[in-house]
Amino acid sequence: MRLFFTMLVVVLIHSHSFSANGQSTVVYAKYEVALGAQGAIYDLWEAKARPIWQALKDEGKINNFGRHAHAWGDSYNHNTWVSAPDYATYEAAWDIFWERYKDALTEDERTLMGDNFIGHQDNIFTVSDSYGGDEEEGKRRVLMKFNEVRDATSWLKAWRSSFAPVLTKLVDSGDVISFGLLRHEIGDQYNMNWWLEAEDNLSFYAAWSKLAKELQANHMDDVQQLMDATIRHKDSLVDAY
């Protein structure tokens, strides 16, 4: 069973990004960017995209948004996300964003993007079973596990009866900030995903150790059921801004 506890992923996001304590739609756009241009692409997004998304958030057209910069994981090193009450609300906000964004870009910036974006993939998730969160700014360390599941009913039953109660205790004790599910709607094959957010690296590993020990001591039947329902997984580590 030790293998299971090395299969989980680490990500950095903000707790309030995925609408903790509620249900929402998250559109997660992943980009593979040429490594030599990575910093310039990050800077461009911060300078031109962030102010527009912030204005849309302030106007109440989206719930939240952010950028995930690659640290460990797959080849997608520039990822952005937007959360909204539903997909129709997101689409309306995207149309406004795109009109403002394309007008804000210079010709040189368009060339920078065209020359250095070499891969792209979108996922649409529904957020559920989330708990915790705050409105503090700054980077966060978040455990996130992307799972391709063959039996979603069995997987979800095991996760809710074991992981969720332990994670709830960790939030209540202040060991972590939030957790929740990202359930597949449109995108790749990873259909049952979850995150665990802590304040920093040390806090994350301390909380993960507590979670693993509690699961090993008291919930191994559920852990086995969850593993039996899972075909494969994928891990990533990113910085969230």
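**Close-up views of a predicted model**

**View 1. Helix 1 and its kink.** In helix 1, a kink of about 40 degrees lies at Ala49, shortly before the proline Pro51; the bend at a residue is the angle between axes fitted to the seven residues ending there and the seven starting there. This is a predicted model, in which local features need pLDDT of at least 70 and side-chain atom pairs count only at pLDDT 80 or more, while totals for chains, interfaces and linings use all residues. Residues are numbered from 1 along each chain as its sequence is written, and side-chain values use heavy atoms, with hydrogens and water left out. Helices (H or I, at least four residues) and strands (E, at least two) are DSSP runs, numbered from the N terminus. Helix 1 (residues 38–58) has 21 residues and reaches 28 Å from its first C-alpha to its last, close to the 30 Å expected at 1.5 Å a residue, where the expected span is 1.5 Å times one less than the number of residues. After helix 1 comes Gly60, with a positive phi near 80 degrees.

**View 2. The buried residues of helix 1.** Among the buried residues of helix 1 are Ile41, Trp45, Ala49, Ile52 and Leu56, buried being under 20% relative accessible area, exposed over 50% and partly exposed in between (1.4 Å probe, protein chains only). The elements covering the buried residues of helix 1 include strand 2 (24–33), helix 2 (87–104) and strand 5 (117–132), through contacts, that is, heavy atoms within 4.5 Å.

**View 3. The largest nonpolar core.** The largest nonpolar core has 27 residues, and those with the most contacts inside it include Trp155, Trp159 and Phe163; such a core is a set of buried Ala, Val, Leu, Ile, Met, Phe, Trp, Tyr and Cys residues joined through side-chain atoms within 4.5 Å. Helix 4 gives the most to this core, with 10 residues. Apart from it lies another core, of 17 residues, among them Val27, Ile52, Leu56 and Ala93.

**View 4. Thr230 beside Trp155.** Thr230 lies in strand 9 (residues 230–234) and counts as buried because its relative accessibility is 12%. Its side chain makes a polar contact with the side chain of Trp155 (3.4 Å), a polar contact being a pair of N or O atoms within 3.5 Å, of which, within protein, one must be able to donate a hydrogen and the other to accept it, and residues adjacent in sequence count only if both atoms are side-chain atoms.
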